[in-house]
Amino acid sequence: MTNKPLTKPHPAQMEAEPTSQSPAYQPRFDIVESDNELTLYGDMPGVEEKDLDVRYENEQLMIHAKVPSRKEAETMLCEEYGVGDYQRTFMIGESIDPAKINAEIHNGVLVVHLPKTEAVKPKRIQVKAV
Amino acid sequence: MRFNIPWANEINRMQDEMERLFGDRSGESMFRPRAYPPVNIWEDEDNLYVESEIPGMELEEMELLSNDENSLTIQGERKQPPRAEGSTHRQERSFGRFSRSIQLPSSINAEKTTAQYKAGVLKITLAKKEEAKPRHISVTAG
């Protein structure tokens with residue numbers, strides 16, 4: 001009898017893994033586009049201003065938030081949600097002015113304003129009566 | 001959804017097995033609709049703690065009720081904030097009225113209940129009644 005491995009071994013780098021042990025949660029987002037900007041609204045309960053990292057790079061908006069554990073007991077009587085870091089990335093196709101991006105968080109809701117560049121804003125053309 | 005007829009035990013067991021295999025471990029079920037808001041509950045000797053993620057609320061839009069010593073109701077309305085005119089590309093968040101009643105695992109003293117709302121997380125501390133607290137029994141060597 002030969003000792004054949006049942007599963008093919010594969011190199012470790014084939015699977016990208018996060019370096020931290022705790023799982024990252026994907027927050028829910030609404031995205032609205034107006035003439036002047038794209039606005040993102042995200043539910044991120046437990047996150048405060050200091051925990052947030054929002055960056056825009058290569059047309060990608062990356063949102064990451066560190067959430068410290070709030071667990072005070074070893075055993076939970078009921079556990080319907082997990083507490084951990086949030087992570088989400090969006091591809092932003094519109095032309096955005098990176099210098100004018102701003103974000104605020106209030107009661108666990110993150111709002112990110114991505115103002116469009118002047119070049120892509122729709123222009124209203126004045127029609128003159130002659 | 002759970003089946004209560006005797007022969008359905010097998011189906012229930014299969015559901016549990018499937019959830020264990022395919023469900024995520026955040027407590028979300030593939031079969032039962034998710035109750036809103038989700039809660040985590042834990043306890044120590046003196047208190048019960050109920051924590052709930054309800055982002056985007058103002059204090060006056062939320063109400064906590066304790067009808068008897070074993071239940072707690074969280075209710076309110078999550079209002080959609082006014083937003084700029086435009087087209088919606090993505091709509092993942094939900095809004096509207098909600099009400100959820102929770103059966104508590106031990107008797108509580110409603111007058112001593114405190115709650116705080118911070119960064120979209122509601123944490124309720126419910127003081128246990130004296131008779132619900134664990135008693136220490138001293139063991140003597142005989």
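Which residues of E1(A) are buried on one side, and which on the other?

## Strand E1 of chain A

In this predicted model, both faces of E1(A) are covered. On one side the buried residues are A:Phe29, A:Ile31 and A:Glu33; on the other they are A:Asp30 and A:Val32. This arrangement may be read against a general rule: in a regular strand, side chains alternate between the two faces of the sheet.

The strand covers residues 29-33 of chain A, and five of its five residues are buried, so the rest of the structure largely encloses it. Burial here refers to a relative accessible area under 20%.

## Partners of strand E1

Within chain A, E1(A) pairs with strand E2, which comprises residues 37-43. The two strands are antiparallel and are joined over five bridges. One of the residues involved is A:Ile31, whose bridge partner in E2(A) is A:Leu40. Three residues lie between E1(A) and E2(A), and the two strands form a hairpin.

## An open sheet in chain A

Chain A also contains an open sheet of three strands, in the order E3-E4-E6, with antiparallel pairing. Strands E3 (52-57) and E6 (86-91) stand at the edges; each has a single partner strand, so one side of each lacks a neighbour in the sheet. On average, neighbouring strands of this sheet are turned by 10 degrees against each other, direction ignored.

Strand E4, residues 60-65 of chain A, pairs with E6(A) in the antiparallel sense, over six bridges. Along this pairing, A:Leu61 stands opposite A:Phe90 of E6(A).

## Chain B as a whole

Of the 142 residues of chain B, 35% count as buried. The chain exposes about 9400 Å², and carbon and sulfur atoms supply 50% of that area. Considering contacts in chain B between residues at least 6 apart in sequence, 50% join residues at least 24 apart.

Key: Residues numbered from 1 in each chain as written. Chains lettered and ligands numbered in written order. Predicted model: local features only at pLDDT ≥ 70, side-chain atom pairs only at ≥ 80, totals over all residues. Heavy atoms only, no water. Buried < 20%, exposed > 50% of the residue type's maximum accessible area, 1.4 Å probe, protein only. Contact = heavy atoms within 4.5 Å. Areas by Shrake-Rupley, 256 points an atom, 1.4 Å probe, with all protein chains shown as cover. Helix = DSSP H or I, 4+ residues; strand = E, 2+ residues; numbered from the N terminus. Pairing = 2+ DSSP bridges. Axes fitted to C-alpha atoms, helices over the stretch in contact; angles between N-to-C directions.
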